[in-house]
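Student: I have a structure open and would like to learn how to read it. Could we go through it feature by feature?

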Amino acid sequence: MTDRPPVRIGISSCLLGEAVRYDGGHKRDRFLLDTLGPFVEWVAVCPEAELGLGTPREPIRLVHDAAAPQGVRLVTVKTGVDLTRRMRRFARRRVRALARENLSAYILKKDSPSCGLERVAVWRHADARERTGRGLFAEELRRQFPNLPIEEEGRLHDARLRENFIVRVFVYQRLRVLLSGRWKVRDLVAFHTAHKLDLMAHSVQAYRELGRLVAEAAQIPRAELARRYEDELMAALSRPATRARHANVLHHAAGHFKQTLDAATRQDLATVIDDFRRGLVPLIVPLTLVDHHARRLQVQYLTGQRYLDPDPRELLLRNHV
Ligand code: SF4
C-alpha cells in the first residue's frame, strides 16, 4: 500500500467510451481503460457536449482565417455557424476550473477540432486542408498548464512515447505533491537526487543545469526556485529518452561498482548493457541487473534512484523499450 494521493488524469470523454461524439459514437481506447485505468482517476471532459452542442450534432471543423486569433475559426461543416468565440470562452473557464482537480496529466483525442493537440486539419477551401492546427480546447489547456504532461491517445500506442509519457506523469505528480506542501530546500535536493538518472536519460545538459540550480537553491527565493525547477525539469523530460542515452546512464550506474564488483562480473554487466544498446534485449534486462547489484552491495545513491524502480511496476515500463 502507498499513502501517495491518486494520479488524476484529465481525458477526452469519448476515449473512455462515453457516447459523446458528433455521430453519437465513442472512441473507447482499450490501453487507457484496461491497462492504465487501474492506476489513475479519470477526469473526463467533452468540450463540445459541455458547450451544449448536443449529441448527435453537426460536425465542426477548423477553418483558416488570417484575421482570426491564431488564424483559425471553429465552424459547423454544413451550416457554417461560427462557434469560435463560444468555444474559446468555454475553454478558458473550463480549463481554469480544472486547476482545482489536481491533474497530473491530460490525454486528448487526436484529430478533433476541439481536443486534438497536433496536426489537426485546418480547411482552406472545401477540398483543401493542411494538418497544422490545434483544437481550441487543447490550445487553452496548453496555455494555462504549460508543464502538464499532455498527449494524444494515438501517440500512446507507440511504446517509446508511452513510456516517456508515463514517466513524466509520475514525476510531475511527485513534484506537485512536494511543491504544494511545506517543503524545505533539502526536500527539493532529495527529490532532485532521486531523479538524477531519469534526467540523464532524457538530457545530460538539463541534468547539469538543474544540478547547478539545486546547488544554488539556498540563494534563490523559494517561489522562483520552484517555478524554475518545475519548468526546466518538465521541459527536459519532454525530450524522449533514447536507447543510446539509456545505455550511457546504465554505464554511469555500473561505474559505481568499480571497487566492489570483480572484473568478470563487471564485464558481464557491460555486455548486457551493450546488448541493450544494440537492441538485442529490452531495457528491463540491464536495469534489473544494475538494481540487483545496487541492492546486494548497498550502493545508496543507486538504490534511491526512481529510474531503477519506475511507477507503477504493473505497467511493465522498461519491458518494451
Ligand atoms: S474529441 Fe473531444 S469534443 Fe470530440 S467527442 Fe471526444 S471529448 Fe468530445
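Strands and sheets

Tutor: Strand β1 (residues 7–12) runs parallel to β5, and 4 bridges join the two. Keep in mind that this is a predicted model.

Student: Which residue of β5 is the bridge partner of Ile-11?

Tutor: Ile-11 has Ile-107 as its bridge partner in β5.

Student: In what order do the strands of this sheet lie, and is the pairing parallel or antiparallel?

Tutor: The order is β2-β1-β5-β8, in an open sheet of 4 strands with parallel pairing. β2 (40–45) and β8 (150–152) are the edge strands; each has a single partner strand, so one side of each has no neighbour in the sheet. From one strand to the next, the twist averages 25°.

Student: How should I picture the side chains along a strand?

Tutor: In a regular strand, side chains alternate between the two faces of the sheet.

Student: What is the strand order in the open sheet with mixed pairing?

Tutor: That open sheet also has 4 strands, in the order β4-β3-β6-β7. Its edge strands, β4 (72–76) and β7 (128–133), each pair on one side only. Ignoring direction, neighbouring strands here are turned by 45° against each other on average.

Student: The pairing is called mixed. Which strands run parallel, and by how many bridges are they joined?

Tutor: Strand β3 (residues 60–64) and β6 run parallel and are joined by 2 bridges. Across this pair, Val-63 stands opposite Trp-123 in β6. By contrast, β3 and β4 run antiparallel, with 5 bridges between them. There, Leu-62 stands opposite Leu-74 in β4.

Student: How many bridges pair β6 with β7, and in which sense?

Tutor: Strand β6 (residues 120–125) pairs with β7 over 5 bridges in the antiparallel sense. The two form a hairpin, with 2 residues between them. His-125 stands opposite Ala-128 in β7.

Backbone exceptions

Student: Which two residues are joined by a cis peptide bond?

Tutor: Thr-55 and Pro-56 are joined by the cis bond, with omega about -5°. Pro-56 lies in the loop between α2 and β3.

Student: And which loop holds Asp-111?

Tutor: Asp-111 is in the loop between β5 (103–108) and β6. Its phi is positive, about 75°, although Asp-111 is not a glycine. Arg-119 is placed in the loop between β5 and β6 as well, and its phi is also positive, near 55°.

Student: Why does Asp-111 count as partly exposed?

Tutor: The idea is to count C-beta neighbours: 20 or more within 10 Å makes a residue buried, 12 or fewer makes it exposed, and partly exposed is in between. Asp-111 counts as partly exposed because it has 18 C-beta neighbours inside 10 Å. Arg-119 has 15 other C-beta atoms within 10 Å, so Arg-119 is partly exposed too.

Core and ligand

Student: Which residues touch the most other members of the largest nonpolar core?

Tutor: Ala-105, Tyr-106 and Val-290 do, in a core of 70 residues. Helix α5 (residues 159–179) supplies the largest share of this core, 8 residues.

Student: What does Val-290 touch, apart from residues up to four places away in sequence?

Tutor: With those set aside, Val-290 touches Leu-250, Ala-253, Ala-254, Leu-302 and Leu-308.

Student: Which residues come nearest to the ligand?

Tutor: There are 13 residues around the ligand, and Ser-12, Cys-14, Cys-46, Lys-109 and Cys-115 come nearest. Helix α2 (residues 47–50) gives the most to this shell, with 3 residues.

Student: How does the shell around the ligand divide by class?

Tutor: Sorted by class, the shell holds 6 nonpolar, 4 polar and 3 charged residues.

Notes. Residues numbered from 1 in each chain as written. Predicted model: local features only at pLDDT ≥ 70, side-chain atom pairs only at ≥ 80, totals over all residues. Near = placed C-beta within 6 Å. Nonpolar A, V, L, I, M, F, W, Y, C, P; charged D, E, K, R; others polar. Core = buried A, V, L, I, M, F, W, Y, C linked by C-beta atoms within 7 Å. Contact = placed C-beta atoms within 7 Å. Pairing = 2+ DSSP bridges. Axes fitted to C-alpha atoms, helices over the stretch in contact; angles between N-to-C directions.
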